[in-house]
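The points run from the whole chain to individual residues.

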Amino acid sequence: MKNVWIFVFLGFLISCSDDDSLPYSYSSEHTIYSKSEQTTLRELVFMVKPYMIDQGIKKYIVSPSIINVKIMINGEEWGVFESVKVDTSHINKEISGDFYTWLTPVKYVVRAPYLISGDILTTAGAYSDLLNRYISLKPGTYICQIEYFEIMNNNHETRRIYPLIAVPFDVKENTASAFIDEFEISID
């Protein structure tokens, strides 16, 4: 009888190992494949180099990242993103106004995937919102607008910058991502 309980207990453990209670989520890939096996563009990449003029000298802003970068494509919201973190500990920065600065350009890389891999949709309403805001960029020409971004000054306060950048870019067939451009943005 003791052996029967061991088998029952093992069967119970095995049946509990599959956790179907986890919500469905999308894969971490940022490309969406159509029925014709064609890849559509799902990620934009660009660089931002914020600077200020101090005593007639161009100095580049040093911050761990730029945040809340709002991107619009043809007037539709693509999303709000953060740049890739920059290790500023090795930079010999100085204080200029409210910011740490450096004479060499600091490039903040912004990767803007349309669906973030951390999105977990658990309700019908969330799926509905996703479908309502779904943008698929087919081959053609589009306008990318950087509406605003925020950067932290040396007092740990964020400052919102409105760069008024709008640039055209082309989407080629079977392309998963596009490099838009590098932008030098003056911070007053």
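What does the accessible surface of the protein chain come to, and what percentage of it belongs to carbon and sulfur atoms?

1. The model is predicted. The accessible surface of the protein chain comes to about 11,800 Å², and carbon and sulfur atoms account for 54% of that area.

2. The secondary structure consists of 2 helices and 13 strands. Of the 188 residues in the protein chain, 36% are buried. When contacts between residues at least 6 apart in sequence are considered, 71% join residues at least 24 apart.

3. The largest nonpolar core contains 37 residues. Those with the most contacts inside this core are Leu-44, Phe-46, Ile-71, Ile-73, Trp-78, Phe-149 and Phe-169. Several strands each supply at least two of the core residues, including S3 (43-54), S5, S10 (140-152) and S13 (177-186).

4. Leaving aside residues up to four places away in sequence, Leu-44 touches Ile-71, Ile-73, Trp-78 and Phe-169, among others.

5. Lys-70 lies in strand S5, which spans residues 66-73. Is Lys-70 buried or exposed? Lys-70 counts as buried because its relative accessibility is 15%, and the cut-off for buried is under 20%. With residues up to four places away in sequence left out, Lys-70 touches Glu-77, Gly-79, Val-80, Gln-145, Ile-146, Glu-147 and Tyr-148.

Key. Residues are numbered from 1 along each chain as its sequence is written. This is a predicted model: local features need pLDDT of at least 70, side-chain atom pairs count only at pLDDT 80 or more; totals for chains, interfaces and linings use all residues. Side-chain values use heavy atoms; hydrogens and water are left out. Helices (H or I, at least four residues) and strands (E, at least two) are DSSP runs, numbered from the N terminus. Buried means under 20% relative accessible area, exposed over 50%, partly exposed in between (1.4 Å probe, protein chains only). Contact means heavy atoms within 4.5 Å. Accessible areas come from the Shrake-Rupley method with a 1.4 Å probe; for residues, only the protein chains shown count as cover. A nonpolar core is a set of buried Ala, Val, Leu, Ile, Met, Phe, Trp, Tyr and Cys residues joined through side-chain atoms within 4.5 Å.
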